[in-house]
Amino acid sequence: MIDIKVKTFNQLNTQELYNILQLRSEVFVVEQNCVYQDLDGKDEKALHIIGFKNNKVVAYTRVFKPGDYFEYASIGRVVVDQNEREHKYGYDIMNASVEAIKARYNETKIKISAQIYLKRFYNNLEFFEVGEEYLEDGIPHIGMMRT
């Protein structure tokens, strides 16, 4: 079981921000062997959905209201600590993200840019493919929508 908190950028304390960036770097840069600019200037606009287990950040997403990233509300930087994936925290953090979008922005249409290998995971969360596959930072992705 994880404890999920929803915070704006200004509500994050320094330690939380450090732990979030560390987890994102561990997975997106090191594990996936992908050199890209994670600090993209969008964290300040995002709502941060953070999953804690024993006071450690083990799951995370950032969400945006419509127009801040895509035309629709969106969820990105979906990440679960490699040592915690067996617990299916990805579902918990994504469901909390969908709920945060409904509660904060009164939106149900959500767009994501999904890594191809996670298509089935997102299908299980009622996201469905839109458009063609494309490369993002050298990794195959596809747009997906939840309505």
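This is a predicted model: local features need pLDDT of at least 70, side-chain atom pairs count only at pLDDT 80 or more; totals for chains, interfaces and linings use all residues.
Most residues other than glycine have a negative phi.

A second residue of this kind is Asp-137, a non-glycine residue whose phi is positive and near 55°. Asp-137 belongs to the loop between β6 (128-136) and β7, and with a relative accessible area of 44% Asp-137 is partly exposed.

## The largest pocket

Rolling a probe the size of a water molecule over the atoms shows where empty space is left. The largest pocket has a volume of about 780 Å³, and its lining is made up of 33 residues, with Phe-28, Val-78, Val-79, Leu-118 and Tyr-122 lying nearest the centre. Two or more lining residues come from each of α1 (14-31), β3 (56-64), β4 (73-80), α2 (89-105), β5 (110-115), α3 (119-124) and β7 (139-146).

Of the contributing elements, β4 gives the most to this lining, with seven residues. By residue class, the lining of the largest pocket holds 20 nonpolar, seven polar and six charged residues.

## The largest nonpolar core

The largest nonpolar core comprises 26 residues, and those that touch the most other members are Ile-75, Met-94, Ile-112, Tyr-122 and Phe-127. At least two residues of this core are supplied by each of β2 (47-53), β3, β4, α2, β5, α3 and β7, and the largest share, seven residues, comes from α2.

## Aromatic rings and a charge over a ring

Across the whole structure, a search finds six aromatic pairs. One of them joins Tyr-122 and Phe-127 in an edge-to-face arrangement, with 6.2 Å from centre to centre and 80° between the planes; both of these residues are buried. Ring pairs also link Tyr-91, Phe-121, Tyr-122 and Phe-127 into a cluster.

A further contact with a ring involves Lys-111, whose charged end sits over the ring of Phe-70 at 4.9 Å from the ring centre.

Methods:
Residues are numbered from 1 along each chain as its sequence is written. Side-chain values use heavy atoms; hydrogens and water are left out. On a 1 Å grid over the protein atoms alone, a cavity is a set of points where a 1.4 Å probe fits but cannot get out, and a pocket is an open set with protein on both sides within 12 Å along at least five of seven lines; lining residues have an atom within 4 Å of a point. Grid points are joined across faces, edges and corners, and a volume is the space filled by probe spheres set on the points. Helices (H or I, at least four residues) and strands (E, at least two) are DSSP runs, numbered from the N terminus. Ala, Val, Leu, Ile, Met, Phe, Trp, Tyr, Cys and Pro count as nonpolar, Asp, Glu, Lys and Arg as charged, and the others, Gly among them, as polar. Rings of Phe, Tyr and Trp (its six-membered ring) pair if their centres lie within 6.5 Å; planes under 30 degrees apart count as stacked, over 60 as edge-to-face and the rest as tilted. Buried means under 20% relative accessible area, exposed over 50%, partly exposed in between (1.4 Å probe, protein chains only). A charge sits over a ring if NZ of Lys or CZ of Arg is within 6 Å of the ring centre and within 35 degrees of the ring normal. A nonpolar core is a set of buried Ala, Val, Leu, Ile, Met, Phe, Trp, Tyr and Cys residues joined through side-chain atoms within 4.5 Å.
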